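Let's take a walk through this protein together, starting with the whole and then stopping at a few places along the chain. Keep the viewer open as you read.

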Amino acid sequence: MPQQVDVFICGSGSAGLSAATWLARCGIHCKIVDCRSGPLEIGQADGMQCRSVEIFESFGIVEELLREGYHVSEGTFWNPDPAGMGIVRTRSAEGTTPGLSFHPRVILNQARVHGILLEAMKRFNGLEVDYGYKVLEVKVDEAQASDADAYPVTVRTEKDGKEEVFNAKYALGCDGAHSAVRKSLGFNMIGDTSDSVWGVMDIFPQTDFPDIRKQVVVQSDAGSLVIIPREGGFMVRFYIELPLGTVAKDVKLEDLQDRARQIFRPYKMDFAGTFWWSAYSIGQRLADQFSKDNRVFLTGDACHTHSPKAGQGMNVSLQDGYNIGWKLASVLKGQTSPDLLRTYNIEREKVAHALIDFDRLWAKQMSSNVKEMNGDIDFSEIFVQAGAFTAGVTILYEDSSITRAQGSSQDLATNLKVGMRFPTTQVVRFCDARAMQLVNALPADGRWRILIFAGDIRQDAAYSRLNKPKLGEYIFSVTGPIQKHLPPGSDIDSFIEVLLVLNGERIKIEPSQIPECFSPVTGKWRMRDPHKVYIDDESYNSGHGHAYEFYGVHPEKGAIAIVRPDQYISMVLDIENHKGISDFFGEFALKRS
C-alpha cells in the first residue's frame, strides 16, 4: 500500500536539506530520500556567501560554520607585469564590502555544510535522510490538486530492487542537474554550453606565491586562474582557464598543474598532493517550468545550472529551499492558504533568471580576453562592484500577497526596503540590558513579526502614537490581526510576534511606561515574556544609539515593519495605520473562529 507523507523531498543536496531543516524546525512530517548510499563525502561547491551564513544563523547553527570555515577577509588581483616578468599584484580589496552583512563569506567543505544541516534536522524533530532510493516517477492527480487535504502527488521509488510508492501532499525536486523529478514531469532545461573549459582542483601547494592564503584573481598572458583558500590552513582550490579547443573529458591532472605553473610565472608552483580535481564546460540552463499544479516544486540545480566561479551554486540552491520550506510549513500547519506557495515561482524564478544572466556575463569577464571585452575598465573594479550580488543580499522580491511595496510608506523607514532581507544592527534588549543584533530577535521558527518603531515614549508624541488610539490593544484584540488568525489553544505569539523597538536612554524609561500587552503571557508556565522590547540605547555602555538612523526611521515619526518568517520585509506602514496591518494579513492568513 502507498505510504502517505505530507512532503516528499527528492534529493539531499543543499536545497533539499535547507527545506527539510525548515520543516523539521516547524514540526512537519516529511520524507527525504537520496539515490546515494550515504551522505556527501567530497563537496564541489564550498563557498558560503553572506546571505547563506545569515540563514544558518537564523536556524541557530552558525557557530560551527564560523568556527570551522575559512573567512574571506581580503582578495587580491594579479595582472601581467608590464616589464614582461610574469604577473604582479595590482590591487587588494576587502573580502566583503563593509556594510553588506554582519557576517563574512566563509569557505567550508560542502559535505561539512550538509553535515551541519543534517545534525540540525535530527535535533529539531528526528528527521533523517533515507539513502539508496531511486526516484522512478512523480505525477500529480490534477483532479485532486485543488483539494487542500488530498495527497495528489504519487512518487514511485526503488530501493534494494523493490518498488515503493508514496502519496504526498507536496513534493520537492531537489535532485540536481539530471533531476528525475523534472524529467518525469516533462519539463525541459533551456540554455547552452559554451566552448570555454575550466579545470578545478583542491591541492596542497608548495609555492613562494605571497597571496596563496587569500582569495585571488590572476589574469595573465597564459590564462586566468582563481584561488579559493580552503579551511584547515593548507589546502587551496584553483579554478583554471584552459585553452580554447580543450575537450573537458580529455583533460588530465597534469594538464591543470602545467597550466597553473605557466600562469604563476615567475613564482614557483609545485604540488605536494591533490585532494580532488575535475574539468567542465561552462553552461547556463533554466527549467522552462518551476512547479506543477502548485504541488511539486523544483529547486536548485534541478531548475538552474551555471558555472561555479561566482560561488552561487550551493548558495542559491540553499536559498531556494529556504524560500519554499517555511511556506510549506505554514500551509501544512493550517496558518495560510495554499495560494501562498505560488509566491515561490514569483520570487525564485526571477532570482534564477538574474543568476543566469549574471553568470553568462561573469564567465566571459573572467576569461583571459577580458581586456577586449571591458576596454579600459579595470576588471578588479567590476569584481568588487559585483560583491553585493554574489553575497546574496541584493535580492528584491516583487509584489505579491506577502510582499507589498505598493501601499507601503517606504519613506518612514528608508533602509527597510520592502522585498529585501531585513538588515541588522545593534540594539539593547530592555529587560536584561543585553546588547545584540536585532535580527537575532527574528529566528527562523515560522513566525511573522510586526516590528513597532515607536520612538522615545518619554515624549508625549511618541507615547500618544503608541497609546492613543491604543495600538497594542488593537493588535492583540479579538478583532485585531493576531487573534483573528491565531489557531485555537495556541500561544498569543505563535503565528505573529510583536516586537517593540524604542529610542532613547534605557535607564530613564520605567517598565511601567511600556504597555503591558507588549509582554504577553505565553508558554507552559503562563508567564509574561519580557524579551520583546528593545531600545536604541544612547547611554548604556553596550549600546551605540544608531539603530533608528541605520534603519532610516525618524524617532518623532516612528514606523511599523512587517517581516516574513524568512526575514524578508513585507511592508512598511505608518504607526497609526492599524487597518493596514489587518488588511495585509487578511490577504493570505486563514481566519480562526
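A residue is called buried here when its relative accessible area is under 20%, exposed when that area is over 50%, and partly exposed in between. Please keep in mind that you are looking at a predicted model. With that cut-off, buried residues account for 57% of the 593 residues in the protein.

Now for the overall build. The protein's secondary structure consists of 16 helices and 28 strands. Its radius of gyration is 26 Å, close to the 25 Å given by the globule rule for 593 residues, so the protein is as compact as a globular protein of that length.

Let's zoom in on helix 4, which covers residues 110-125 and includes Q110. Is Q110 buried or exposed? Its relative accessibility is 12%, so Q110 counts as buried. Beyond its neighbours within four places in sequence, Q110 has contacts with S14, L40, G43, Q44, A45, D46 and M314. R112 is also found in helix 4, but R112 is partly exposed, because its relative accessible area is 22%. Again setting aside neighbours within four places in sequence, the contacts of R112 are E64, E68 and E119. One of these, E64, is 48 residues from R112 along the chain, and the two C-alpha atoms are separated by 9.7 Å.

Next, the aromatic rings. The structure holds 26 aromatic pairs, and one of them is formed by Y133 and F166, an edge-to-face arrangement with 6.2 Å from centre to centre and 65 degrees between the planes. This pair links distant parts of the chain: Y133 sits in the loop between strand 8 (129-131) and strand 9 (134-140), while F166 belongs to strand 11 (residues 162-173), 33 residues apart. Both Y133 and F166 are buried.

Another edge-to-face pair is made by F476 and F518, with centres 6.5 Å apart and 80 degrees between the planes. Here too, distant parts of the chain are linked: F476 is in helix 13 (residues 471-476), and F518 is in the loop between strand 23 (496-504) and strand 24 (521-522), 42 residues apart. F476 is buried, as its relative accessible area is 13%, and F518 counts as buried at 1% relative accessibility. Elsewhere you can pick out one aromatic cluster formed by W78, F209, F238, F264 and Y267.

Helix 13 comes up again when we turn to helix 16. Which residues of helix 16 (residues 578-586) are buried? They are H578, G580, I581, S582, F584 and F585. The elements covering these buried residues include helix 13, along with helix 14 (481-484), strand 22 (448-455), strand 23, strand 27 (559-563) and strand 28 (569-573).

Finally, a few backbone details that may interest you. R265 and P266 are joined by a cis peptide bond, with omega at about 15 degrees. You will find P266 in the loop between helix 6 (253-263) and strand 16 (269-287). Then there is R526, which is not a glycine and yet has a positive phi of about 55 degrees. R526 is placed in the loop between strand 24 and strand 25 (527-528), and it is partly exposed, with a relative accessible area of 47%. Q567, also not a glycine, has a positive phi of about 70 degrees. Its location is the loop between strand 27 and strand 28, and at 4% relative accessibility Q567 counts as buried.

Conventions: Residues are numbered from 1 along each chain as its sequence is written. This is a predicted model: local features need pLDDT of at least 70, side-chain atom pairs count only at pLDDT 80 or more; totals for chains, interfaces and linings use all residues. Side-chain values use heavy atoms; hydrogens and water are left out. Helices (H or I, at least four residues) and strands (E, at least two) are DSSP runs, numbered from the N terminus. The radius of gyration is taken over C-alpha atoms; the globule rule is 2.2 Å times the number of residues to the power 0.38. Buried means under 20% relative accessible area, exposed over 50%, partly exposed in between (1.4 Å probe, protein chains only). Contact means heavy atoms within 4.5 Å. Rings of Phe, Tyr and Trp (its six-membered ring) pair if their centres lie within 6.5 Å; planes under 30 degrees apart count as stacked, over 60 as edge-to-face and the rest as tilted.
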